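The structure is shown first, and the discussion follows.

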Amino acid sequence: MKLWRHHSLQKPLHQRLHLTFKPVPKQIHTFSQFSQDPQITALLSLIDKGNFVPTSVSYSKLLSQCCTTKSLRLGLQIHAHITKSGLSVDPNIRNHLINLYSKCRSFRYARKLVDESSEPDLVSWSALISGYAQNGLGGGALMAFHGMHLLGLKCNEFTFSSVLKACSIVKDLRIGKQIHGVVVVSGFEGDVFVANTLVVMYAKCDEFLDSRRLFDEIPERNVVSWNALFSCYVQGDFCEEAVGLFYEMVSSGIKPNEFSLSSMVNACTGLMDTSRGKLIHGCLIKLGYDWDPFSGNALVDMYAKVGDLADAISVFEKIKEADIVSWNAVIAGCVLHEYHEQALELLGQMKRSGICPNIFTLSSALKACAALGLKELGRQLHCSLMKMDMESDSFVGVGIVDMYSKCGLLEDARMVFDLLPEKDLIAWNAIIYGYSQNGEDIEALALFADMHKEGIRFNQTTLSTILKSTASLQILHVCRQVHALSVKSGFPSDIYVVNSLIDSYGKCSHVEDAERIFEECPIGDLVSFTSMITAYAQYGRGEEALKLYLEMQDMELKPDRFVCSSLLNACANLSAYEQGKQLHVHILKYGFVSDIFAGNSLVNMYAKCGSIDDAGHAFCELTERGIVSWSAMIGGLAQHGHGRHALQLFDRMRKEGVSPNHITLVSVLGACNHAGLVTEAKRYFESMEELFGFKPMQEHYACMIDLFGRAGNINEAVELVNKMPFEANAAVWGALLGAARIHKDVELGRRAAEKLFILEPDKSGTHVLLANIYASVSMWENVAEVRRLMKNSKVKKEPGMSWIEVKDNVYTFLVGDRSHYRSREIYAKLDELSDLMEKAGYVPMVEINLHDVEQSEKEQLLYHHSEKLAVAFGLIATPPGAPIRVKKNLRVCIDCHTAFKFICKIASREIVLRDRNRFHHFKDGSCSCGDYW
């Protein structure tokens, strides 16, 4: 049979036989270079002194001993003595030397001895091929076999087994089948040793049917045959089939050995089946194999991977001499289950025990450093890998990139990435993910573009990361492009990509696209529901968010803290107090009460639903209070008009060592604003950079201008705008326009409005406020002009809307709304209240109505404002004495504000109204704002 036809047979024999080898990593040599045997050393000393003259048999025994212990240095000394004594021509000694050098990976010496042999020798070639195969160098073994075949040497069962093992290593089925043919022709097919190796070769080349067929044809299968098949099935991830084969073997009467049981432990690991794993563990102890290091390591690996670290460490401590595999298994298990500190402690113990870590140990340690953010230890591990000459290895390189990225050291991560000789998909994903996680989203997108140009195919991990960056940047067109790429590349149904698309479209304000993808998704999971609920909650569609949560419960999907947080935000936006309370119960039920995200959302929800007392209770129950917690509570107190209490809480926060951010200071200035605390506000504003380390931003200027305007300091407000170190934005000019409305300052109002027409041309509020200013000084022509401007510019006035929650339903009202199924009762209630209010001294403020109609009609329009309709519905639909909670999208008008002071006293009800700016608590004929809003 002619093998390897593609090789040229015209080259001289010595050229055909010499191979080129890749340099072997330094750490691989160390174990074979420094092993010492005192007996051999003493014997060599006697030979040197002439006190002992060894024979060929003596040298053969010495070389066998060196081969067993892989003592290369001593072997080289013995070789020198053999050469000196003239015994190097002895074929038996030469074969022992070839075997020693092959086993110790010194193939240059081994090959030289083979080539110098005067006659071809099967034993020497077999030793060389076996050495290559045992050291995982399948290509070298096949080339050596090719050379031996050209010399016309016939193989024996040992040669065939080694060369078939080489085919398994390189997974070369074509050559494996050719050698199988030679096996059949040579008559070794029935040899159990060769047959077992054939079974392994076909299985390793993913030909499991042929592997099983050959196994079934073995006339006398022994435990080694079964073990070979088990091992291949487990390595091929056919773990359930491997367990079935094990039961079949036991049923056939063959007793398992330690290797059988080790394979079964590995199968249970693959299946994550602890119960069967513990049964196998019991068998190991019963059969007396618990001493076996392979079985011990397999058990440590199994218990560690299933998360039973106590049993993993218990087994680990019982191993008499734990090797590098044992340590790696227990350390990797700790990292896998996020016991990172324990993993690093074990690394320290391992070093102290005298075992040097290898690349797998250090890779696990890098993950632990990444999770804990240990920059300096991560650098030390990087240095260790550089000394081992392993930092250019792609597996290690990705680990280093990931560690630096997660420690926030992007420059170091990029440097390591750029130095990688070969950048595969995993390396690209690691660096892109690093930039995305650290908020460098534009660079992440740029790297994705570079990766695409390089022709590297992306996967779902790449797309999910890129979509996260597009969501952060809110770049819709990039989101659409990535969506198109995902469809084109066959990932449209991948759940990770689908969830990322929902999140990205949602954060890019395209909730309809997110909704469409969600509905098209065949199987929604918790993440997809969370993304969709969050999108609904963020963009004012809280009712849909709550409905989707009900659908999620019908599917028996257990919510996590993020879902609960988003739902609470939806309730906050809707002022859905009752549904918020129900969600609070769910948070208690599912054990999220100590979670800071859910806790902060509870504080925010209760504050925005008008129950500042419940917000205070939720705040007090927080086990950990971050800046978001404090800001939410301070902002809630400010919105409810408890300005001084808010400032006291701010002082307490600072005493507890929590530094405020710019959002906290907006809440603090807002508290001063709602309470009219001008002096305190000026003190905080003017010392912001000195006390808190950041300069005032647009929001802080807007708060101060609004404060000055409400307090009557209109000149100070104008002066502050003129002194701003940057161009004022719409919030600042809006505050100034509001101040002009309060003080009926036409010129200032006109100036502010002109700026707002440029900055926010589509916003109707500017036109309405300017028209109100003109109307307040009877400039009716100017009012008409503003209305014409709105009409010509196609700017539509934002309609006043109010919401009220009754029995888990949120009802919406517009001005003059008659669509409600109880509208007849609502209007009857308003008529009843109108009569009672008039008797109590209420006079409708018709002057605020800018419509050119009769006074009686103006009164009717005032009576039918959306907030009055909502309050009337609350009075007829809720139990007597229950608070009425209403939310309005615009600032409450002065007439409604006055009316509610009368209604709360007449009906003996507390009315909690949340408008665009703040909360109003109407009780006993007065409002919590003190008429200052």
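Asp273 and Arg276 are both buried in this predicted model, and their side chains meet in a salt bridge with an N to O distance of 2.7 Å. A further salt bridge joins Lys278 to Asp311, with 3.7 Å between the closest N and O atoms. Lys278 belongs to helix H17 (residues 274–286) and Asp311 to helix H19 (residues 309–318), so this pair ties together parts that are 33 residues apart in sequence. Lys278 counts as partly exposed, at 40% relative accessibility, and Asp311 is likewise partly exposed, with a relative accessible area of 27%.

Glu680 and Arg644 also meet through their side chains in a salt bridge, at 3.4 Å from N to O. This pair links distant parts of the chain, 36 residues apart: Glu680 is in helix H41 (residues 678–686) and Arg644 in helix H39 (residues 643–655).

| Salt bridge | N to O distance |
|---|---|
| Asp273 and Arg276 | 2.7 Å |
| Lys278 and Asp311 | 3.7 Å |
| Glu680 and Arg644 | 3.4 Å |

A search of the whole structure gives 37 salt bridges. Some charged residues form a network of such contacts: Arg212, Asp216, Arg221 and Glu248 are linked in this way.

**Surface charge**

A patch of negative charge on the surface is formed by Glu519, Glu551, Asp554 and Glu556. Within this group, Glu551 lies in helix H33, which covers residues 542–554. Its relative accessible area is 41%, so Glu551 is classed as partly exposed.

Is Glu805 buried or exposed? Glu805 has a relative accessible area of 12%; because the cut-off for buried is under 20%, this residue counts as buried. Glu805 is part of strand E1 (residues 801–806). Its C-alpha atom is separated by 48 Å from that of Ala446, a residue 359 positions away along the chain.

**Overall form**

The protein contains 52 helices and six strands. Its radius of gyration is 40 Å, well over the 30 Å that the globule rule gives for 933 residues, so the protein is more spread out than a compact globule. Along the principal axes, the C-alpha trace spans about 130 × 60 × 55 Å. Of the 933 residues, 51% count as buried.

Note on methods:
Residues numbered from 1 in each chain as written. Predicted model: local features only at pLDDT ≥ 70, side-chain atom pairs only at ≥ 80, totals over all residues. Heavy atoms only, no water. Patch = residues over 30% accessible without salt bridge, like charges linked within 9 Å, V, L, I, M, F, W, Y side chains within 5 Å. Areas by Shrake-Rupley, 256 points an atom, 1.4 Å probe, with all protein chains shown as cover. Salt bridge = Lys/Arg side-chain N within 4 Å of Asp/Glu carboxyl O. Lys, Arg positive; Asp, Glu negative; His and termini not counted. Charge placed at Lys NZ, Arg CZ, Asp CG, Glu CD. Helix = DSSP H or I, 4+ residues; strand = E, 2+ residues; numbered from the N terminus. Buried < 20%, exposed > 50% of the residue type's maximum accessible area, 1.4 Å probe, protein only. Rg over C-alpha atoms; globule rule 2.2 N^0.38 Å.
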